[in-house]
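Hello,

Here is the structure we talked about, with the sequence alongside. Please open it first; my notes follow below.

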Amino acid sequence: MLNMNLEIPQHIENYIGGAFMAPTNNQYFDNINPATSEVYSHIPDSTATDVQLAVVAAQKAFPAWSNASSDFRFRVLNKIAELIEENLETLALAETNDNGKPLWLSSKVDIPRASENFRFFATGALHFSSESHSMGNSAVNYTLRKAIGVVGCISPWNLPLYLFTWKIAPALAAGNCVVAKPSEVTPMTSYLLARICKEAGLPDGVLNIIHGNGPNCGSEIVKHPDIKAISFTGSTRAGKDIAAIAAPMFKKISLELGGKNPNIIFADCDWEKMMRTTVQSSFANQGQICLCGSRILVEESIYEKFKADFIARVQAMQVGDPLDENSKQGAVVSKVHFEKVMGCIELAKQEGGTILLGGKAVQPEGRCANGYFIEPTIIENLAPNCRTNMEEIFGPVVTIQSFKTEDEALQKANASEYGLAATIWTQNISRAHRMAAQVQSGIIWVNCWLLRDLRTPFGGFKNSGVGREGGWEAMRFFTEPKNVAIEF
Ligand code: NAD
């Protein structure tokens, strides 16, 4: 067991070349607990100079790490998985303090999944193989897959350690050295991860974690000529900026971006399972999951029944202190995000939407009186192409619309510039297959939501991104293939 101090450090440090250090400019900004609005630590405001130090450290570590046996890489990454598990309580509390999500959620989902990511890709290091293509009796081709070198990983605030490790683990398993930046809004668990990596025996310089914001630090990672691939998860806006910088430099990019996911409900669904899951898929993590279904499409014949049952169930959800185990919803991540979501609710009203439930801020009593809490909000009477139904809100806000036919459901589902995920509820197996084939999303769930197998391709169509993560897709992204043709 790591002897980790539950006290949150006053100053988060960068982790470069195996050493914990202040940013070179010695500048920090505030880290705020969104459930209380209090500043509780300080985050390095790193710049290009820190990125350069991290790249040099990663380059120095690369030959030994990329040439190490896959068994060595497996053991180190598996050890990191174990240490995350052993320190679950510390990490879960840090995640909740940073993000505002309920502690039970950090403990049950975020931190276990971070450990799972390392364990899964540790075994990936052992099992990864490349292809061979025989040309009859005359020749053979084989593909060599080599680590790229130094790669950049940049992640968002909604599932902080979960998504940070989802990138770092395959990058390391494939033999790369990494310069990584977590979201400046939720940096604490990645700082603790650095301590875990040190303890697990990850060689110095193999993983470098620097803290800072998008413009000063994230974009410096993207611009750096010696960082040859960028794996990014975040907003479509930032993804566009990253693509514009990376494309002329011919960098490999993987972009996991925003979503506006349809949740399509047919009258023949399993009602109880659909209702239970729809409450979760709408509001889990305060609606701040890129996979949440924010546009609920309901067959006309069950629309009124759905509305009544959905409102009743959502109304029963307790919003409040993330440390209270009865809170189903915690705080949204920051004041800026709180204002953005409240602005979206205002816009929905201006667009003629009817607020069926919620729409207001919540002010809990006690320590969370000044936190950023929003009622789960359900809105109807909006056209499919209004801004509320087109733009990502990324908060506890859903709209409901009705449809008469399968074609209309499909049209409404696809009436979006995004194409990340979709959920389909029906007991008609032919319809499920038909819809799954035609909905324009990278991930389709039929009669379930967020059922994840880490081997499957993960990513979006349209403005939801470029490339796929998960399983061999991730290992292939983080390697450069070379074909060798031999004539006999
Ligand atoms: P964001 O784009 O503001 O920031 C994400 C990360 O990128 C942060 O670390 C930030 O500092 C950095 N960054 C910002 N601008 C940058 C730039 N120009 N160059 C380099 N780095 C930059 O996103 P966010 O607000 O942290 O996260 C919410 C968004 O993430 C939502 O749009 C959500 O849908 C999306 N998301 C997508 C997925 C997915 O798998 N597709 C998963 C989670 C979140």
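Tyr 15 is buried, at a relative accessible area of 2%. This comes from a predicted model. Phe 20 is partly exposed, with 27%. The search of the whole structure turned up 13 aromatic pairs. Tyr 15 and Phe 20 form one of them, a tilted pair with 4.8 Å centre to centre and 35 degrees between the planes.

Phe 266 and Phe 403 make an edge-to-face pair: 5.1 Å between centres, 70 degrees between planes. Phe 266 sits in the loop between β12 and α9, and Phe 403 in strand β18, so the pair ties together parts 137 residues apart in sequence. Phe 266 is buried, at 1% relative accessible area. Phe 403 is buried too, also at 1%.

There is also a ring cluster. Ring pairs link Phe 120, Phe 121, Trp 166 and Phe 458. Over the ring of Trp 166 sits the charged end of Arg 113, 4.7 Å from the ring centre. Lys 305 lies over the face of Trp 271, at 4.0 Å from the ring centre.

Now the sheet. Three strands form an open sheet in the order β5-β6-β24, paired antiparallel. β5 (132–135) and β24 (479–487) are at the edges with a single partner each, so one side of each has no neighbour in the sheet. The twist averages 20 degrees from one strand to the next. β6 (residues 139–147) pairs with β24 over nine bridges. Arg 145 has Pro 481 in β24 as its bridge partner.

Last, Val 336 in helix α11 (residues 335–350). Val 336 is exposed, at 63% relative accessible area.

Best wishes

How values were computed. Residues numbered from 1 in each chain as written. Predicted model: local features only at pLDDT ≥ 70, side-chain atom pairs only at ≥ 80, totals over all residues. Heavy atoms only, no water. Pairing = 2+ DSSP bridges. Helix = DSSP H or I, 4+ residues; strand = E, 2+ residues; numbered from the N terminus. Axes fitted to C-alpha atoms, helices over the stretch in contact; angles between N-to-C directions. Buried < 20%, exposed > 50% of the residue type's maximum accessible area, 1.4 Å probe, protein only. Phe/Tyr/Trp six-rings, centres within 6.5 Å; stacked < 30°, edge-to-face > 60°. Lys NZ or Arg CZ within 6 Å of the ring centre and 35° of its normal.
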